[in-house]
Amino acid sequence: FQAALCNEAEKRARVQDALRRAGEEQEEIARLLAGEQEENALLREENVRIEGAAAFLMSPSHHKGRLALATALEAAQAQAREALRACDEAHAELVAERAE
């Protein structure tokens, strides 16, 4: 009878140990899952930002803005070329006057 009680106590201890380990594993899995869920949330936020930026870059208003900037740049470059040409002419006239 004592041996049977000992065996029963050992079985109960093994079962309790197995339950404890299973609980620890379950907690670890829950922590990992929470981490993955947080990472997924961050990735979803990043995707939303990327999709928003892509939508803006593909939008007609962005295209119009880029066209306006390109037009303004071309106009500024033309003004700079004209100013340089006028400066070169003035310099040439000054050199010609000094030569006389």
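Helices here are DSSP runs of H or I with at least four residues, strands are runs of E with at least two, and both are numbered from the N terminus. The model is a predicted one, in which local features need pLDDT of at least 70 and side-chain atom pairs count only at pLDDT 80 or more, while totals for chains, interfaces and linings use all residues. Residues are numbered from 1 along each chain as its sequence is written, and side-chain values use heavy atoms, with hydrogens and water left out.

R31 and E28 are joined by a salt bridge, with 2.6 Å between the closest N and O atoms. A salt bridge is defined as a side-chain nitrogen of Lys or Arg within 4 Å of a carboxyl oxygen of Asp or Glu. R31 counts as exposed, at 51% relative accessibility, whereas E28 is partly exposed, at 35%. In these terms, buried means under 20% relative accessible area, exposed means over 50%, and partly exposed lies in between (1.4 Å probe, protein chains only).

Across the whole structure, a search finds seven salt bridges. In another of these pairs, the side chains of R21 and D17 meet at 2.3 Å, N to O. Both residues lie in helix α1, which covers residues 2-58, and they are four residues apart, about one turn of the helix. R21 is partly exposed, with a relative accessible area of 41%, and D17 is likewise classed as partly exposed, at 29%.

Because E82 and R85 are three residues apart in helix α2, about one helical turn separates them. Salt bridges that share partners also join D17, R20, R21 and E24 into one network. As for accessibility, E82 is partly exposed, with a relative accessible area of 40%, and R85 is partly exposed at 38%.

The overall form of the chain was also examined. The protein chain contains two helices and zero strands. Its radius of gyration is 40 Å, whereas a compact globule of 100 residues would have a value near 13 Å. This radius is taken over C-alpha atoms, and the globule rule is 2.2 Å times the number of residues to the power 0.38. Along the principal axes, the C-alpha trace spans about 135 × 35 × 10 Å. Within helix α1, V48 is exposed, with a relative accessible area of 56%. The C-alpha atoms of V48 and R12 are 53 Å apart, and 36 residues separate the two along the chain.

Of the 100 residues in the protein chain, 2% are buried. H62, a residue of helix α2 (residues 60-99), counts as buried because its relative accessibility is 16%. Leaving aside residues up to four places away in sequence, H62 touches F56 and L57, where contact means heavy atoms within 4.5 Å.

The accessible surface of the protein chain amounts to about 9,100 Å², and carbon and sulfur atoms account for 61% of this area. Accessible areas come from the Shrake-Rupley method with a 1.4 Å probe; for residues, only the protein chains shown count as cover. The chain carries 13 positive and 20 negative charges, whose mean positions are 9 Å apart. In this count, Lys and Arg are positive and Asp and Glu negative, while His and the chain ends are not counted. Each charge is placed at NZ of Lys, CZ of Arg, CG of Asp or CD of Glu.
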